[in-house]
Amino acid sequence: MAQALRPNTVGGLFATDGKPHVLQDTLLAVTLVLGITALVSSAFHSLHLLSSWAGLVGIITGAYGQWISETTRQRFGLILGLGASALGFYLGMAHGGLFGGLF
């Protein structure tokens with residue numbers, strides 16, 4: 001009867017251990033939004049400032065989120081956001097960088 005004692009964590013996008021993880025879920029959402037923003041804006045050469053800064057902030061928030069994450073689903077989403085942020089950051093740096101020739 002050991003099956004009756006195991007919690008069911010299969011359902012739900014942010015399935016947790018039954019406790020609220022507000023900070024971790026917020027960092028996950030912010031990292032995903034910044035990663036998508038950096039990745040999409042890196043496709044346009046003139047938006048290198050947006051892509052590089054969004055990518056850099058996404059990398060920082062994703063790294064901190066990985067450090068304090070408590071569930072596997074949070075870590076999986078953070079890795080997706082970190083990958084998109086890093087790719088957008090690197091492409092933004094290749095197109096002009098963080099300051100775009102201002103300094």
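The structure holds three aromatic pairs, where rings of Phe, Tyr and Trp (its six-membered ring) pair if their centres lie within 6.5 Å. This is a predicted model, in which local features need pLDDT of at least 70, side-chain atom pairs count only at pLDDT 80 or more, and totals for chains, interfaces and linings use all residues. Residues are numbered from 1 along each chain as its sequence is written, and side-chain values use heavy atoms, leaving out hydrogens and water.

**An aromatic pair**
- Trp53 and Phe99 form one of the pairs, 5.8 Å centre to centre with 75° between the planes, which is edge-to-face (over 60 degrees; under 30 is stacked and the rest tilted).
- Trp53 lies in helix H2 (residues 48-68) and Phe99 in the segment after helix H3 (72-95), so the pair ties together parts that are 46 residues apart in sequence.
- Helices are DSSP runs (H or I, at least four residues), numbered from the N terminus.
- Trp53 is partly exposed at 38% relative accessibility, and Phe99 is partly exposed at 40%.
- Buried means under 20% relative accessible area, exposed over 50%, and partly exposed in between (1.4 Å probe, protein chains only).

**Helix H1**
- The 20 residues of H1 should span 28 Å at 1.5 Å a residue, and the end C-alpha atoms are 28 Å apart, which agrees; the expected span is 1.5 Å times one less than the number of residues.
- Buried residues of H1 include Leu27, Leu28, Leu34 and Ala38.
- H2 and H3 are among what covers the buried residues of H1.
- Ile36 lies in H1 (residues 22-41) and counts as exposed at 53% relative accessibility.

Key: Helix = DSSP H or I, 4+ residues; strand = E, 2+ residues; numbered from the N terminus. Contact = heavy atoms within 4.5 Å.
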